[in-house]
Amino acid sequence: MQALADWDSFYVIVGSAAGALIGLQFVVMTLIAEKPPKGIAEAGAAFSTPTVAHFSAVLMLSALVRIPWESIASAAVVWGLLGLCGVVYVGSIVRHMHAQEAYEPVLEDWTFHALLPLLAYAALGISALAAVAYTKDALFGIGTAALLLLFIGIHNAWDATAYHVIANASGDKPKPDPKRSKG
């Protein structure tokens with residue numbers, strides 16, 4: 001299907017980046033495991049695991065584009081399911097963010113761990129619904145969702161790494177200033 005073939009290079013680049021970043025997350029987690037801060041297990045479900053899940057969603061989406069679909073409708077069903085699963089998963093992330101006590105999330109955390117992923121997965125689902133009638137626009141929506149999830153993952157991976165470096169260097173967990181975002 002030509003409409004999908006036009007996106008091949010985009011998804012090769014985005015999918016490769018997501019795959020490489022998943023690997024780097026494993027390296028970072030291995031290094032952090034040597035001296036884990038207190039409460040890291042419960043915080044991992046809220047902050048680290050979702051980052052790998054977002055990268056994995058991008059990798060899966062990139063692989064799905066390479067399938068020789070008979071029609072856009074078949075692909076849209078799969079993308080729509082991925083979007084729906086993502087929306088449900090964001091609900092789980094929010095529950096974990098509330099439940100963990102290792103770190104007090106600030107506005108930036110809520111934005112990059114809840115709001116933006118919710119928007120990306122919702123855009124993926126909505127684009128899938130529109131794919132048959134508005135194929136070109138829907139493919140741009142799906143590409144935008146994939147790119148947004150990739151950049152969310154990059155931000156969150158960096159943020160988590162910086163947090164752990166600071167926590168390990170100070171010997172305890174830093175408390176965020178509620179008046180300003182961490183950076």
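Let me begin with F47 and Y103, which are both buried, where buried means under 20% relative accessible area, exposed over 50% and partly exposed in between, with a 1.4 Å probe and protein chains only. This is a predicted model, in which local features need pLDDT of at least 70 and side-chain atom pairs count only at pLDDT 80 or more, while totals for chains, interfaces and linings use all residues. Residues are numbered from 1 along each chain as its sequence is written, and side-chain values use heavy atoms, with hydrogens and water left out.

F47 and Y103 form an aromatic pair that is edge-to-face, at 5.7 Å centre to centre and 85° between the planes; rings of Phe, Tyr and Trp (its six-membered ring) pair if their centres lie within 6.5 Å, and planes under 30 degrees apart count as stacked, over 60 as edge-to-face and the rest as tilted. Because F47 lies in helix α3 and Y103 in the loop between α4 and α5, the pair ties together parts that are 56 residues apart in sequence; helices here are DSSP runs of H or I, at least four residues, numbered from the N terminus.

Turning to the cores, a nonpolar core is a set of buried Ala, Val, Leu, Ile, Met, Phe, Trp, Tyr and Cys residues joined through side-chain atoms within 4.5 Å. In the largest one, which has 32 residues, Y11, L61, W79, L124 and L149 touch the most other members. Two or more residues each come from α2 (8–32), α3 (40–65), α4 (72–99), α5 (107–130) and α6 (135–170), and the largest share, 8 residues, comes from α6. A second, separate core of 9 residues includes A46, F47, M97 and Y163.
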